[in-house]
Amino acid sequence: MPPTTLSNPTDPIDALLSAHGLRRTGAARRVLGWLLAHPDISYTHAQLQTALQSDSMPDGQGENAATLDRVTLYRLIDRLTQVGLLLCRVDANRVRRYQAMPASVHALPHFECQSCHRDQPLQGALQGNAFDLEVAAQNALQALNALGYQGLSLDLAVRGVCADCATAATITRIHETAS
Ligand SMILES: [Zn+2]
């Protein structure tokens, strides 16, 4: 018997879906559940589909066994993003990536390295400035919300070359000059 085929009113994923006016379908619970369980990873459509497929029970029945078709997955991701449950970012290759919206913040300042393609939060590096950015973002979203805008999300991405890559490039240059 698969684990939670029936909707459980106390299930946090069901609660989130209901609170955002979404139907608590098996597919919706699966996608949101997966992203909430992997909050630090942002997935492309294809990566998410692969991850969900490998997650399904080989001998399972019901929602976990069903293959989520691409169109359903795309629609679902769009809906979840529209209501603000997912954060959508466009990476350096202009591919959309999705991750669970961080609960405490609407916009998490992050840095996307154009060299190693690592995506790292900026709280550590920016400290107080990162908090100021978050507060400014929250205020902007609240102001828009008050004007009737809905399903808001905001992406605070800084793009460039990270310190590690910059250092590596400098060392390479020094070696090249020396040899
Ligand atoms: Zn880098």
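Student: What kind of model is it?
Tutor: It's a predicted model, with local features needing pLDDT of at least 70, side-chain atom pairs counting only at pLDDT 80 or more, and totals for chains, interfaces and linings using all residues. Residues are numbered from 1 along each chain as its sequence is written.

Student: How many helices and strands are there in the protein chain?
Tutor: The protein chain has 7 helices and 5 strands. These are DSSP runs (helices H or I, at least four residues; strands E, at least two), numbered from the N terminus. The order is α-α-α-α-β-β-β-β-α-α-β-α.

Student: Which residues have the most contacts inside the largest nonpolar core?
Tutor: Val31, Leu32, Leu80, Leu86 and Tyr98, in a core of 19 residues. A nonpolar core means buried Ala, Val, Leu, Ile, Met, Phe, Trp, Tyr and Cys residues joined through C-beta atoms within 7 Å. Buried is 20 or more other C-beta atoms within 10 Å of a residue's own, exposed is 12 or fewer, partly exposed is in between, with C-beta atoms placed from the backbone.

Student: And which element gives the largest share of this core?
Tutor: H2, with 4 residues.

Student: Switching to H1: which residues are buried there?
Tutor: Ile13, Leu16 and Leu17. Down the axis of H1, they fall within an arc of 95 degrees (taken from the directions from the helix axis to the C-beta atoms), so they line one face of the helix.

Student: What's on the other side of H1?
Tutor: Pro12 and Ala19, which are exposed.
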